[in-house]
Amino acid sequence: MDDQTRIELEAAAFRRLQQHLMQDRPDAQNIDMMNLAGFCRNCLSRWYQEAANERGIPMTKDEGREAFYGMPFAEWKAKHQTDASPEAQKAFKASHS
């Protein structure tokens, strides 16, 4: 497989992951994703921002989040984010401290 095809396939897989997290499963909470997989939508948006910055494209944290979430982060939180359970918060602290 040539490099351009590989890049295109990787980009398609990323777009499908983004669609899955943003449209198909907005109910999956970021803290639960962090506790299970060690990354969440915020991580993906930060990686997107970092990739832009590494290529000389200025992008802030908020701009990266909006690019990934498809809306301002505050809007996403208001629509989809619930309060984390005490158990989820405890698990997060234990695994990310």
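Mentor: Start with a term. A helix axis here is a line fitted to C-alpha atoms over the stretch in contact, and the angle between two axes runs from 0 to 180 degrees between N-to-C directions. Keep in mind that this is a predicted model.

Now the part itself: α1 against α3. Their axes come within 11 Å and cross at roughly 145°. The crossing is left-handed. On the α1 side, the contact uses Phe-14, Leu-17, Leu-21 and Met-22. On the α3 side, Arg-41, Leu-44 and Tyr-48 meet them. By class, that gives six nonpolar residues, one charged and no polar ones.

Take Arg-41 next. This residue sits in helix α3. Is Arg-41 buried or exposed? Its relative accessibility is 1%, so Arg-41 counts as buried, the cut-off being under 20%.

Phe-68 and Tyr-69 are buried in α4, residues 61-69, along with Gly-64 and Arg-65. Viewed down the α4 axis, these buried residues fall within an arc of 120°, so they line one face of the helix. They pack against α1 (3-24), α2 (30-37), α3 (41-54) and α5 (73-80). Just past α4, Gly-70 takes a positive phi of about 80°.

Step back to the whole chain. There are six helices and zero strands. Of the 97 residues, 27% are buried. Among contacts with a separation of 6 or more, 49% join residues 24 or more positions apart. The C-alpha trace spans about 45 × 30 × 30 Å along its principal axes.

One record note to finish. UniProt, in an unreviewed entry, lists residues 28-93 as "domain: SMc04008-like". Over that range the chain is 71% helix and 0% strand. The end C-alpha atoms of the range are 19 Å apart.

Note on methods:
Residues numbered from 1 in each chain as written. Predicted model: local features only at pLDDT ≥ 70, side-chain atom pairs only at ≥ 80, totals over all residues. Heavy atoms only, no water. Buried < 20%, exposed > 50% of the residue type's maximum accessible area, 1.4 Å probe, protein only. Helix = DSSP H or I, 4+ residues; strand = E, 2+ residues; numbered from the N terminus. Arc of directions from axis to C-beta. Contact = heavy atoms within 4.5 Å. UniProt positions renumbered as here; feature names shortened; annotations may be inferred. Left-handed = near helix turned anticlockwise from the far one by under 90°. Nonpolar A, V, L, I, M, F, W, Y, C, P; charged D, E, K, R; others polar.
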